[in-house]
Amino acid sequence: MSKFFTLFLLTLLTSLLPLYAQVSLGLRGGYTVSATQIKNSQGYKSNSLGTSSQLTNLHADLIINVPVYKKLYFQPLVRYITKGAYLRPLPSKQGIFVESANQLKLHYLEVPLNMVLKFPVSLGKIVIGAGPYAAYGLSGTYDLDLMYNGSVVSTDSHSIEFNYKDRGIAPGAQLSRFDAGANLMFGLEFNNLMVFGANLSRGLLNLDRTSSAKITNSYFSMSLGVLLNREDY
């Protein structure tokens, strides 16, 4: 599957080379607020965006603008992003040591495939759009707290092995390397080639491979960057 994902990216970029005169490229980076929702059969449920469980991090984008028809553009991104959350502690039991996952970080190479509309204004263009995304998990980590009587005794950091059972996050957890979902975006392209973007992403693929839980990603991001050229020049 990793070879397929790499081949997909190469095919996407290669298909754009003959259109270089009409295609614009850009680079940007910014701030991400993410959450990973987990709900299992034991009743454990983590929180979502807008709560204390959300995790903040950074991301980086390669932007590709392909004119389709008049104001309509195809705008794929190649994005490096960290998703995850602060997980709610498991219920404590008096006199018993309990292991509970704390901070979860999942590092992805993500490709949103957006169709966007660009509306000219005096400062440049307003950009709005939506589309699906596919993401490939590069690596992941989580902090595991050892708790006694509701207090944290020690904390250890562990690596996530995708496709292998890991009892640290949840009993018998087995995470998929692949993520997929949909996103909405809003942006500004200024006449001086500076760009601003914001998007809301919601994972639709259950990352749990054991069917014992439902695990999904979501995030909100804000980005600032620059276009390397303009497709309308």
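Modeller: Let's start with Asp179, which counts as buried at 2% relative accessibility; buried means under 20% relative accessible area, exposed over 50% and partly exposed in between, with a 1.4 Å probe and protein chains only. Keep in mind that this is a predicted model, where local features need pLDDT of at least 70 and side-chain atom pairs count only at pLDDT 80 or more, while totals for chains, interfaces and linings use all residues. Residues are numbered from 1 along each chain as its sequence is written, and side-chain values use heavy atoms, leaving out hydrogens and water.

Lys83 is buried too, at 0%. Its side chain meets that of Asp179 in a salt bridge, 2.9 Å from N to O; the term covers a side-chain nitrogen of Lys or Arg within 4 Å of a carboxyl oxygen of Asp or Glu. Asp179 sits in strand β9 (residues 178-190) and Lys83 in strand β3, 96 residues apart. Strands here are DSSP runs of E, at least two residues, numbered from the N terminus.

Now for the others. Arg28 and Asp61 form a salt bridge at 2.8 Å, linking strand β1 (residues 24-40) to strand β2 (residues 55-69) across 33 residues. Arg28 is buried at 12%, and Asp61 is buried at 5%. Asp61 also pairs with Arg79, with the closest N and O atoms 2.6 Å apart. Arg79 lies in strand β3 (residues 72-86) and Asp61 in strand β2, so this pair ties together parts 18 residues apart in sequence. Arg79 is buried as well, at 1%. The structure holds 5 salt bridges, these pairs among them.

Note on methods
Helix = DSSP H or I, 4+ residues; strand = E, 2+ residues; numbered from the N terminus.
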